[in-house]
Amino acid sequence: MKSGNTLLLKSFYMFVRDGKATLMMFVSPLAFMLILGFVIAGISGGTQNVSVRLAFHLSKNLQPFEKALEQEARNAGFSAVFVKDEKTIKRLVSSAKMQMGISLTSTSMTFFYNQAFGQYNNYLRILQKFVSQAVKKRISGIPTYVEAQPVKINRGVNLTVISFIVPGAMAIAILTACVLSTATAFSNYRSNNTLKRLKVTPLSGNTFAFSIAVHRFWSSVVSSILTILAAEAIFSTIYSINWLLLLLITSTAAIMSIGLGTIFSVVFRDMWTTLNFSTILLTVMMLFSNVFYPFSIMPNYMRIIAHTMPVTYFTQGLRYALGISPMYMSEFLLVNAIFAFAGVMLVIIGGRIMFYFERR
Amino acid sequence: MEKVIEVRDLRKKYGNFEAVKGIDIDVFKGEVFGFLGPNGAGKTTTLEILEGLRKPTSGTIKMFGEEIKGDVIPEIKERIGVVLQQTSFLDHLKVKEILELFASFFKKSISIEKALEMVELKEKVNAYPENLSGGQRQRLAIAVALINDPDLIFMDEPTTGLDPQSRESIWVLVEKLKSNGKTIFLTTHYMEEAQRLCDRITIIDHGKVVETDSPEHLILKYGGESKIDFSCTPTPPTEKVEELERELQGKIHKLDDHCRIVTKDLTQTLEKIVLWSKKNNVSLTDVFFIEPTLEDVFLNLTGRELRD
């Protein structure tokens, strides 16, 4: 206990006095987000009002409500087109002439969307709200299978690529900072014989590993909050932030990343090999995940790969916490539980093996 | 006498290469035990096995009467201090903070002030190790090793790479520790260091113990004869030198600008040389006595020099 507390305090000094480590933890996520943000904003021309066009097909018994729906759509700032069959809806949506299609009968409602269209989740929400309101206000006789859920989203909403990218950039930056900072710290301690020196004392590997990990953990959480606030201020991203969920996903993902960094430093004993491997892996994670593009536009093989990447779930969780992507709460909690458990286990195992390997 | 370390038939193999080939060591309480050998002799490997940094291939090790099986247990770690061959401290911590940190690892520790006083680093309490000289850093490493007031201190070549002044200060420190009753296990390839500091020395070569004894006994047994180097003015003719050779019953070696005679009895030989010089009206200049050293012991025991 005495050694744990002292080590925690001293490793805090070590962390805050280490310019490179603090820079990596605090500034790199912010810098990464800013650079990416300006690049994306430049490419996408900043924020823009998107005209949402919806194609409707109503079953015969619902056709009397066509005018009511059309009026409701106009009031909501969308344009509604009524077509004769579902086949036409599919054609219009696949040719990107319409963003979304709805086929409504008195017993079912079918949505059609183009998978290549990245922001469909937002449209689903808009659509859900619009249809729900229409049902509530104007349409009588339709059963209550259409569930009305309030979604905080503006009319004629600003849909920006940057809003989608920021969580991804943040995820990859936090992952990079935690993995690299932890891996380099431990590799460095090994190469300069510090681990050897500690091994001959009664200190346990776990205590040492956790003391180094703790400061990387809290700094990454603080850094992620700063990054989000900066993104909101600079790029006018419109997030509906659930701070509790945001803190949760950032914390557990940071723990998991630190665990990965610890294991990498143990497996690849040399610092440069650790760094090279970590960089390659992080690049692969960045490219083969939902960081920069949604699942909907990925080819099947890439979706499979993306689902094996922790950063995918981190990004997904972040987007959920920021209110821009749907996710089941149970799924969100499961992801967090796995991250936290895996992270803690990796640090424990890494800490033990780290000291064990010092006895050759 | 109480044995602090007892090693029997210790072996360490790296693949097909056997670095340590069945060595036996006994280290007694309160002595400075020297482990002398050239680079690659197996000194550090043996030391690191004792410190718990390497796994032995076979053999038994007892420390403070406890057999070490696997990792060194914390109870033993509480009683040992270690000075590694190359010590690096945790980055971005000041001298005082490093000592506080290491003190926290142990149940028992001495005060930071006392540790710094012992190694004469009190004025550097708030310095960062990277701003210390090589000698000061090594003294800090020793302070770290002493922070838990250990009964046994392992020192792996503590003066390698240091200037003569820093080396001297480390030697004084080791002598102080010895007078405080600490047991010290010291590896070195400096014969003068071993000769000055050690009560007993084990000479190791190619992973095998060659001999163990006190430095004096080793020199007496294996050091060979003393030498007298001298020069004469004017230079005597060859027949006069041959006369001296007959008188001394030994060969005089002509070196660059002086002569050398090897002798078992230094006093008697010197008397004979002085008498010869008077008789032949020759002035003796630059007379040197060369006593056998551990270097000679090593050479005689192994057939090669310590720094090979």
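**Helix packing in chain B, and beyond**

Modeller: Happy to! Helix 8 of chain B passes helix 11 of chain B in a left-handed crossing (the near helix is turned anticlockwise from the far one by less than a right angle; clockwise would be right-handed). This is a predicted model, in which local features need pLDDT of at least 70 and side-chain atom pairs pLDDT 80 or more, while totals for chains, interfaces and linings use all residues. Residues are numbered from 1 along each chain as its sequence is written, chains are lettered from A and ligands numbered from 1 in the order written, and side-chain values use heavy atoms, without hydrogens or water.

Helices here are DSSP runs of H or I with at least four residues, and strands are E runs of at least two, numbered from the N terminus.

On the helix 8 side of chain B, B:Pro215, B:Leu218, B:Ile219 and B:Tyr222 meet B:Leu294, B:Asp296, B:Val297, B:Asn300 and B:Leu301 of helix 11 (contact means heavy atoms within 4.5 Å). By class, this contact of helix 8 with helix 11 of chain B holds 7 nonpolar, 1 polar and 1 charged residues (Ala, Val, Leu, Ile, Met, Phe, Trp, Tyr, Cys and Pro are nonpolar; Asp, Glu, Lys and Arg charged; the others, Gly among them, polar).

Chain B has two backbone details to look at as well. B:Pro234 sits in the loop between strand 11 (226–233) and helix 9 (238–248) of chain B, and the peptide bond from B:Thr233 to B:Pro234 is cis, with omega near -10 degrees. In strand 1 (residues 3–14) of chain B you will find B:Asp9, whose phi is positive, near 50 degrees, though B:Asp9 is not a glycine. Most residues other than glycine have a negative phi, and most peptide bonds are trans.

Lastly, the partner chain: 35 residues of chain B are in contact with 27 residues of chain A.
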